Amino acid sequence: MSRDLKESAEQVVRRAVQKGASDADVFIREEEKFSVTVRMGEVETLKEAVSRGLRLRVFLGKRTATSQTSDLSPSVLDKLVDESVEMARLTSEDQSGGLPERTAGDFNVAGLELVDPSWDKFTPEQRIEWARRTEAAAMKADSRITNSEGGSFDFERSRTVIGNTRGFLGEYAETGGSIASLPVAQSTEGMQRDFWVSVARFQSELESPETVGKHAADRTVRRLGARKVPTCEVPVVFDPLTARSLVGHVFQACAGDSIYRRSSFLFDLLNQQVGAQGLTIVDDARLKRGLGSVPFDDEGVPTQKTFVIEDGVLKNYLHSSYTARKLRSVPTGNGSRTGSGTIAVGPTNFYMLPGTASPEDIIGSVKSGLYIVELIGHGVNTVSGDYSRGAVGLWIENGKLSFPVHEVTIAGNLRQMMKDIEIIGNDVTFLGSVSAPTVKIRNMVISGE
Amino acid sequence: MDSKKSIFFEDYGVTTSDLEQYLNAALERGGNYADIYFEYKINYSIALEEQIIKTATKAVNIGVGIRVLSGEKTGYAYAEDLDKQSILKAARTAAFIASNSSAGGTVAIHPQMAREHNLYSVSLLSTDLGIQQKIALIREADQAAREYDPRIHQVQASYVDESKHVLIVSSDGKYVWDVQPLVRLNVSCIAEENGKRQSGYQGGGGRRSLDIFEDDLNPTALAREAARQAILQLSAVDAPAGPMEVVLGNGWPGILLHEAIGHGLEADFNRKGTSAFSGLIGKKVASELCTVVDDGTIPDRRGSLNVDDEGNPTHKTVLIEKGILQGYLQDQLSSTLTRASVTGNGRRQGYDHIPIPRMTNTFMVAGESAPEDIIRSVKKGLYAVHFGGGQVDITSGKFVFSTSEAYLIEDGKITAPVRGATLIGDGPTVLRQVSMVGNDLKLDQGVGICGKEGQTVPVSVGLPTIKIKGITVGGTEK
């Protein structure tokens, strides 16, 4: 299988050069996907497929064009290469364009532990059974769990091949599984839903179906009877799931492409204090078994660990080879191939380093405030930093979670929110390539009744 | 329909007997319904920023999705080439779902089903046109945005199109093909003044070819609008916090309907009893000024389709009539299980996704009030005319949508522009608060993207100017 992909990669860049390209690179991924959902004890959906995608970028000097296809048959690829080269003639010269100067050398991919061989022995029947157990655990956790959007198990095994005309040809394989539970609880006061999910590359690192189901049920039941609160300004505690979205906004604001476009609230602030002391955010592609770990980025640039914010000071932006050239910096191994084949800046394992406080200590520090468990909507402007989102949570009274709250918004400005981080928890939760612990922000405006 | 007109017959040599063989393989373990969705999609996208054409992209994707239904269960698999063995393998994988049922009979296809309408006025597909003309569109937009105001510092303009060929065949006799065009232009601007930076965005498009950009959606008009919004935001004041009267402008603010009620009326959630609207048919959920429709049959619109992604013709479905909830948006599975009629709302992102009930073009029918009178009637409130996006929790019914252009209303007059704020409300009750409905219904300009269960599909929304007596505005100014 892998030799086929490598051959396709080599053939495609060879043809690009034959057709007049000065440079080209190609990215091929093959994914084997399995997904099962069990709802009310019965299999609801079962989906299985192998899919492939090829993305090509060609350069004619300083001009570029890209293409993408799911059809890897030689005749289709030849035609696509030819057309890409023709399209590149019609784009503009871009002085910062081109392949990266430096690509990864020999690297011990196995050391990153991206593949768990034990999945090979995990049969479809066992996968379905895990989904079933997950839902069952949620349903029996509490009598108020009366309905469900299901328990699910997903598995993916993929292989990625990247090659270019300068002789780089690299590949790596990955595995990943996830278990999720989405229970629905009902009382006389209405219905509520929530979820929990566990994601890991290694089977042994996944939470058990019972843990996931129980946790999802607990998160759901505690939302029953939620109400609005009066409009006020109070301390706000983000759980790791919602704090993760804040870290995601920081990622967007420090990605090199947002910087050269001047579309970032962190524009032109390098080496300045942008957050509270104690706030450190890194992008670390080399975490063993990390969900976002990769040996090299989608341009073949070796990955690394980059301190983005250190003790509140903005230290580095993240770069692809393009944004690095443009901003006279160096690539950080964050080149990420978009669906259409162009290169953007993407996170690897982008996360806020833990503090020392337990989540209980953080909640305990609040006399009157809001503990947030879900945020909805798109009211975040990463250009101006303006922030306003719908929130669901639990009211904190004298250091204790007291009653559920919904149909309120929280609002502020990300610039100020970063400086107002008061306590950082010890509970970083990894569910993807952006992660965070519990975080307390000194004050935000809650809009409600 | 002329069977020679689909690319799948002409270029890929698919025959009726192949299709019968695939359907039979899909049902060999006894599923009670199977369908096959062939998709061949070409897209182009071209991006301009910093006054240069940074890149041009072409994408070609092909795949076949096979679905087998057995009671409430769905088996799904897909192949990414049209090789007979690959498709048969996918059919047998999908068939696995029904392994406990008894085997069914054989399927025979009768290729005489016709589409009920042709909604796309396209003589030459945009994907068959050269990219120079497309480049000219975004160059025009760039220039217009820069000329609008010297405070415009960055302009990004992009052109995106697609032509999607589909062939859908099912074990209950659906046999239909279509070519679905879609074009879109996007312009975003960054305005800067005294170290302050703000952004503005405008886009437009529909199921047409490039000629759609000759009239109202011409690149200059779109660019000037994006620039205007960015400049306006430079002088915005903090948005208010708390419940208040809100006037929504016409057009894109129809996103209110999409979030507040549209998703909650999708049949899958209601069949499972997980929607806040479950069991409310025939009940009053809105003021009697409100009639809300989902209509997939409006010519050229982004949310329109000749047939949905399960091969059923699209419909006009009344969701709320004079305040009373009428019905749900159905797909094949939910309509079968609940013995309701299909409404042509079964949609999917592509061959690699299972179809589910989705909206098409969702809007509120015009009322009688003049928009000026609506604004004049508000002593203190918010006038919101542009929104970013929205989201809903269909189980609790709480929804949000976020303004990108809004103003304070003071003593019946529009005054200062305010910073972006999220509005939050309760779906089953918010429309009861509608106290005035304008006579100025407008659909949006063709930019809607709706996400559900990891699948995105193009949609449209529409609204006349309306007044909502009380909804919570999530600003910072108490």
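Which residues of H4(B) are buried? In this predicted model, the buried residues of H4(B) are Ile131(B), Lys134(B), Leu137(B), Ile138(B), Ala141(B), Asp142(B), Ala144(B), Ala145(B) and Tyr148(B). Helix H4 of chain B runs over residues 131-148, and its 18 residues reach 26 Å from the first C-alpha to the last, close to the 26 Å expected at 1.5 Å a residue. The cover over the buried residues of H4(B) includes elements of chain B, among them strand S1 (33-49), strand S4 (152-170), strand S5 (175-193) and helix H5 (219-234). It also includes helix H2 (74-88) of chain A.

The two chains touch elsewhere as well. In total, 67 residues of chain B are in contact with 64 residues of chain A. On the side of chain B that touches chain A, strand S2 (residues 52-70) gives the most, with 12 residues. That side of chain B has 23 nonpolar, 29 polar and 15 charged residues. S2(B) also pairs with strand S3 (residues 63-69) of chain A, in the parallel sense and over four bridges. Within S2(B), Lys58(B) stands opposite Ser67(A).

A further contact joins two helices of chain B. Two packed helices are described by the angle between their axes and the distance between the axes. The axes of helix H2 (residues 16-26) and helix H3 (residues 84-95) of chain B come within 7 Å and cross at roughly 30°. Because angles under 35 degrees count as roughly parallel, H2(B) is roughly parallel to H3(B). H2(B) contributes Asp18(B), Tyr22(B), Ala25(B) and Ala26(B) to the contact, while the residues from H3(B) include Ile87(B), Leu88(B) and Arg92(B). The residues of this contact divide into eight nonpolar, no polar and three charged.

Technical notes
Residues are numbered from 1 along each chain as its sequence is written. Chains are lettered from A and ligands numbered from 1 in the order in which they are written. This is a predicted model: local features need pLDDT of at least 70, side-chain atom pairs count only at pLDDT 80 or more; totals for chains, interfaces and linings use all residues. Axes are lines fitted to C-alpha atoms, for helices over the stretch in contact, and angles run from 0 to 180 degrees between N-to-C directions. Angles under 35 degrees count as roughly parallel, over 145 as roughly antiparallel, 65 to 115 as roughly perpendicular and the rest as oblique. Two residues are in contact if their C-beta atoms, placed from the backbone, lie within 7 Å. Ala, Val, Leu, Ile, Met, Phe, Trp, Tyr, Cys and Pro count as nonpolar, Asp, Glu, Lys and Arg as charged, and the others, Gly among them, as polar. Two strands pair if DSSP finds at least two bridges between them. The expected span of a helix is 1.5 Å times one less than its number of residues. A residue is buried if 20 or more other C-beta atoms lie within 10 Å of its own, exposed if 12 or fewer, and partly exposed in between; C-beta atoms are placed from the backbone.
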